[in-house]
Amino acid sequence: MLRSIVHEIIGTPRREPELPQSLEQFRDSKRVLIIFADALDDRAAIQDEWLRNAHMRLIEEEVEVFIIAGGGAFSLFDDGWELDADDIRERLQGPPHSEFELILIGRDGTVKLRSSEPRTVEEIFAALDKLPKKAS
């Protein structure tokens, strides 16, 4: 957040983060929700509960959810993915290890939603509804 405020004050455009290599496998097929979490931060636990309660809807909307914590990347629902947590944090300009942040990435590989506070499932789906649907 501080970075974006500084960019607004000095007038330089904020650089769009580059999609991490390990997330390229989702481009054009799925949306990705990344949660940067810290075990001592209640925001991560709140977000986790809200997302688990919407598990089926996330699957229907083709959203993969990953938790970046403790130097690792973990799928919230499916353990079949290999992701590079450090690359994700660096390329998406994620928060320091002790901070919470939520980042929603669209099928086109760009960041569609970024928040330092938990977002309700309704808020996340509202952001998804603004995104183009997958062509059949």
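A cavity here is a set of grid points where a 1.4 Å probe fits but cannot get out. All views show a predicted model.

View 1. A search of the whole structure turns up 1 cavity of 30 Å³ or more. The volume of the largest cavity is about 40 Å³. Its lining consists of L19, L23, F26, R27, K30, V32, I105, G106, R107 and G109. By class, these lining residues split into 5 nonpolar, 2 polar and 3 charged. Rolling a probe the size of a water molecule over the atoms shows where empty space is left.

**View 2. The loop around A39.** A39 sits in the loop between β1 (31-36) and α2 (42-53). A39 has a relative accessible area of 82%; exposed means over 50%, so A39 counts as exposed. A39 and E99 are 60 residues apart in sequence, yet their C-alpha atoms are 9.8 Å apart in space.

**View 3. Helix α2 along its length.** α2 has 12 residues. From first C-alpha to last, α2 reaches 17 Å, close to the 16 Å expected at 1.5 Å a residue.

View 4. R43, A44, Q47 and L51 are the buried residues of α2. Seen down the axis of α2, these buried residues fall within an arc of 95°, so they line one face of the helix. An α-helix has 3.6 residues a turn, so residues three or four places apart point the same way. D42 and N53, on the other side of α2, are exposed.

**View 5. What covers α2.** The buried residues of α2 are covered by elements including β1, α3 (55-60) and β2 (63-69). β4 (101-105) and α5 (121-129) are also among the covering elements.

Notes. Residues numbered from 1 in each chain as written. Predicted model: local features only at pLDDT ≥ 70, side-chain atom pairs only at ≥ 80, totals over all residues. Heavy atoms only, no water. 1 Å grid on protein atoms, 1.4 Å probe; cavity = no way out; pocket = protein on both sides within 12 Å on 5 of 7 lines; lining within 4 Å. Points joined across faces, edges and corners; volume = space filled by probe spheres on them. Nonpolar A, V, L, I, M, F, W, Y, C, P; charged D, E, K, R; others polar. Helix = DSSP H or I, 4+ residues; strand = E, 2+ residues; numbered from the N terminus. Buried < 20%, exposed > 50% of the residue type's maximum accessible area, 1.4 Å probe, protein only. Expected span 1.5 Å × (residues − 1). Arc of directions from axis to C-beta. Contact = heavy atoms within 4.5 Å.
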